[in-house]
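Hi,

Here is the structure I promised to pass on. Have a look at it first, and then read my notes below.

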Amino acid sequence: MSGAARIEFDHVTKRYEGRMEAAVRELSLDIPAGCFCVLVGPSGGGKSTALKMVNRLVPFDSGDIRIDGRSVRDLSPVELRRGIGYVIQNVGLFPHMTVADNVGTVPRLLGWSKSRIGTRTAELLELVGLEAEYARRYPAELSGGQRQRVGLARALAADPPLLLMDEPFGALDPITRVRLQTELRRLHREVAKTVIFVTHDVDEAISMGDRIAIVREGGTLAQYDTPDAILAHPADDFVAQFIGEDRALRRLAMHTLADVPLETVSRQSRETVSSRISVRTAVSHMLESGSDSVIVVDDDGQALGVFRLDQVEELL
Amino acid sequence: MSPLAAGPIIPNFGHGNSCVTGDHIFCWSWVRDHWNDTLGPALVQHVELTAIAVGIGFALAFTLALLAHRFARLEHPFGVFSALLYTIPSIALFQLLVPLTGLSWTTVEIALVAYTLVILFPNFVAGLRSAPAEVLEAARGMGLTRRQILLRVELPLAVPAIIGGLRIAVVSTISIGTIAAFLLPKGLGYPIFVALGNPTPFKTEIYSAGGLAVGFALACDAGLVGVRRMLSPWTRRGRT
């Protein structure tokens, strides 16, 4: 097991007993291998349910879910789950096991040798940014952010092609949260796995996702596309309202000055900015300084061109 | 037959030193003289009495708790039954059992086992249930089987509650065990009964037997605390 897997939701429906409304209705999603896909929507919209149907913690009533073309019902739940990484909001580390033993859980179930588990654990702790000395600690000795790092390492232990993450950063303070979001993106580029990530936070969805599936109440899919496309063309009023009135600014935040066409340098511009900053930040600079253009420079301070305030319209 | 059962050999006010004949507060000489024929055997019997009661009680409570944990429906009836047992005063329970099992070791053990069960069962069930919901969800999500979750997660996490229950059960069994002397001339309760049976209760005997019971209970309790520390090292370390 390794690499990434393609995940297909094929008209999946789940109805909880005693409820009129379906939790998930006719959900179809095709998630390409290696994609970081975010399921986002209002609370109680069925996104967590959709996620848990993939590893069969929640059984679905009709339709099918396929991993690389193979139905999740073809395997026993236990076998299926050992091949899928699972990260939840409250982490759920085993309090009676050290960090190393927590991380080694699935490899032990799979019968790996002790030395292989040891090597893998050390490798994973490094990957999630924890020093080796943490291996012998107990979860009670860690901060919330450190626990979620261990949770992530534990989910990645057996190198599964798919990672399911259920609001993994929901319980963290904003600073730790942003740090872990950034690291998870970096990690996703390094390990190239398919990730399905559930959140109710639109900002998190936009900053994390290669693709975003917006799920509305009743568990139906409202829109499934790249963040940029969703911000540019919300499918309907629900999506438009959900992603917020400031979607134009959100779009500007997604692009850096390196992505946009620049004009040749003219004398009028005084202020210089790095090409690494977002268009949104550049606009903010211009509004603050009262100028209508900035000179964009690369990391060596070499001028790349000029970005004018009135170019913004063309970008939207 | 134990020397205790042979008849009233103690205290003999006609013999011994002035401390004993005068029934002073505590006479070490009496304890020395009667360790081999009275206190020592009584202590050994008390240890046996306790070990058997707690051992059987533990096995039963553990089995019942596992059943109640697996089949939630059973917990309530088990709990009510054991709670009812506990409401019966121990002396009355002995009396109820005598027609069935006679003035025997069995009668004593049945009563003591019943009491340990009442203490251990709810503690064990609570212990098995102490694994947090997110821990169980993570365990399931990683592909642990039900049996693996029990053995690798729920049982280790139940250790503090299990030992906690054992501590109460052991101490109370040692204490209730002294009442067994109503039925049988055995255990640390017997020297106390004999001493109380004198026209003037013989203090040294009461204090020494009582003191041994207390010492035995404290030793067991300390031992169990040690076992818990050894089996659940994670409970000792908090966030640094």
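**What I found**

Let's start with one pair: Ser293(A) has Arg308(A) as its bridge partner in β13(A). Before going on, a word on conventions: this is a predicted model, where local features need pLDDT of at least 70 and side-chain atom pairs count only at pLDDT 80 or more, while totals for chains, interfaces and linings use all residues. Residues are numbered from 1 along each chain as its sequence is written, and chains are lettered from A and ligands numbered from 1 in the order in which they are written.

**The sheet in chain A**

That pair belongs to β12 (residues 293-297) of chain A and β13(A), which run antiparallel and share five bridges. Helices (H or I, at least four residues) and strands (E, at least two) are DSSP runs, numbered from the N terminus, and two strands pair if DSSP finds at least two bridges between them. The open sheet has three strands, ordered β11-β12-β13 (chain A), with mixed pairing. At its edges sit β11 (272-274) and β13 (303-308) of chain A, each pairing on one side only. From one strand to the next, the twist averages 35 degrees. Helix α12 (residues 279-289) of chain A packs on this sheet and touches β11, β12 and β13 of chain A, its direction making about 135 degrees with that of β12(A). Angles run from 0 to 180 degrees between N-to-C directions, with axes as lines fitted to C-alpha atoms, for helices over the stretch in contact. Contact means C-beta atoms, placed from the backbone, within 7 Å.

**Leu172(A)**

Leu172(A) lies in the loop between β7 (162-166) and α7 (174-191) of chain A. Why does Leu172(A) count as partly exposed? Because it has 19 C-beta neighbours inside 10 Å; 20 or more within 10 Å would be buried, and 12 or fewer exposed, with C-beta atoms placed from the backbone. Leaving aside residues up to four places away in sequence, Leu172(A) touches Gly144(A), Gly145(A), Gln148(A), Arg177(A) and Leu180(A).

**Where the chains meet**

Chain A and chain B each put 19 residues into the contact. On chain B's side, α6 (133-141) and α7 (146-177) each supply at least two residues, and α6(B) gives the most, with six. For the complex, the predictor gives an ipTM of 0.85 and a pTM of 0.84.

Cheers

Technical notes
Contact = placed C-beta atoms within 7 Å.
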